[in-house]
Amino acid sequence: MSHTDYPFQATSSGLRELTEVEKRKLADDKQVVSEFKQNKLEKEAQRNWDLFYKRNSVNFFKDRHWTTREFEELAGITEGSTSEKPVLLEVGCGVGNALYPLIAESKHLYVHACDFSPRAVQFVKDNAAYDPQRINAFQCDLTKDDLVAHIPECNVDVVTMLFVLSAVHPDKMIEALQNVYKVVRPGGCVLFRDYGLYDHAMLRFAKGHKLMDNFYVRQDGTRAYYFTKEFLNQLFVSAGFKESTNDYVLRQTVNKKEGISVPRVFVQAKFTKSDHPPHR
């Protein structure tokens, strides 16, 4: 399936092909960051994201008006009748770049929104559009804080995970997804979009930033994992979900000023919770 109205974007079941230069660059980058530094990064992960939001405030990410275009499930809950009260959970809400456009489109949507960074959650609450009758914003480390402490079990219709799981250490990703699973109602779903393997951002890392295969640390100490759709499927299925869709999104981002086009790769997927989930 390709997005003809967005000529620089297409979906694909396969990875994008690397150039010979890109292949050599990845092959040469074998040295990983020391275990001491890796442990330090894990310990300071929340602090590094909090500092990110301190530096950038609410100005780093643009509002994500594309979510209802990319996910028909979101369009459905924002356009539904006012007699329905759909419940959304946004995991990794940041400063609200996705939730506030959705709230503006739907007068009946209720949103639970959580983030690793206390500072980001405070920015959500400081927004003039914040309404505690419609938004429940709270700080949460998905890998250890039980979501059921903030959200009733089996309460959520739709979960969005947009560029959030990539920031979690791969060893803890299943725990995070099992946490999410508990609050999704039977028949509910998770809508996922994140960095894909061979994304331009991955290929830009200089030596000394590799933590393990497909997992890198940025200059500011925040980390990013670059997914294959097979690994993503393995994670979600292990947490109890079923795959509905799972593809690569291949885009060309054009920098007109510099006259260059760079390849972006994302993984976009939908995973559902069975109407009759097994006892776990």
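The following legends describe close-up views of a predicted model.

Residues are numbered from 1 along each chain as its sequence is written, and side-chain values use heavy atoms, with hydrogens and water left out.

**View 1. The open sheet β7-β8-β9.** Three strands are arranged in the order β7-β8-β9 with antiparallel pairing. Strands are DSSP runs of E with at least two residues, helices are runs of H or I with at least four, and both are numbered from the N terminus; two strands pair if DSSP finds at least two bridges between them. Because β7 (210-212) and β9 (223-225) each have a single partner strand, they form the edges, and one side of each lacks a neighbour in the sheet. On average, neighbouring strands of this sheet are turned by 25° against each other, direction ignored; the axes are lines fitted to C-alpha atoms, and angles between N-to-C directions run from 0 to 180 degrees. Two bridges join β7 to β8 (residues 215-217) in the antiparallel sense. Methionine 212 is placed opposite phenylalanine 215 of β8.

View 2. A pair of aromatic rings is described by the distance of the centres and the angle of the planes. The structure contains 15 aromatic pairs (rings of Phe, Tyr and Trp, the last by its six-membered ring, with centres within 6.5 Å; planes under 30 degrees apart are stacked, over 60 edge-to-face, the rest tilted). Tyrosine 195 and tyrosine 226 form a tilted pair, with 5.5 Å centre to centre and 45° between the planes. Tyrosine 195 belongs to strand β6 (residues 184-195) and tyrosine 226 to the loop between β9 and α10 (229-238), so this pair links distant parts of the chain, 31 residues apart. Tyrosine 226 is buried, with a relative accessible area of 1% (buried means under 20%, exposed over 50%, partly exposed in between, with a 1.4 Å probe and protein chains only). Phenylalanine 205 forms an edge-to-face pair with tyrosine 226, at 6.4 Å centre to centre and 75° between the planes. Phenylalanine 205 itself counts as buried at 10% relative accessibility.

View 3. Ring pairs join Tyr181, Phe192, Phe215, Tyr225, Phe227, Phe231, Phe236, Phe241 and Phe271 into a cluster. Over the face of tyrosine 181 lies lysine 273, at 4.3 Å from the ring centre (a charge sits over a ring if NZ of Lys or CZ of Arg is within 6 Å of the ring centre and within 35 degrees of the ring normal).

**View 4. The surroundings of asparagine 246.** Asparagine 246 is located in strand β10 (residues 242-255) and is buried, with a relative accessible area of 6%. Its side chain reaches the backbone oxygen of lysine 229 at 2.9 Å. The side chain of asparagine 246 also makes a polar contact with that of glutamate 243 (3.2 Å); such a contact is a pair of N or O atoms within 3.5 Å, where within protein one must be able to donate a hydrogen and the other to accept it, and residues adjacent in sequence count only if both atoms are side-chain atoms. Beyond its neighbours within four places in sequence, asparagine 246 is in contact (heavy atoms within 4.5 Å) with Lys229, Leu232, Asn233, Val267, Gln268, Ala269 and Phe271.

How values were computed. Predicted model: local features only at pLDDT ≥ 70, side-chain atom pairs only at ≥ 80, totals over all residues.
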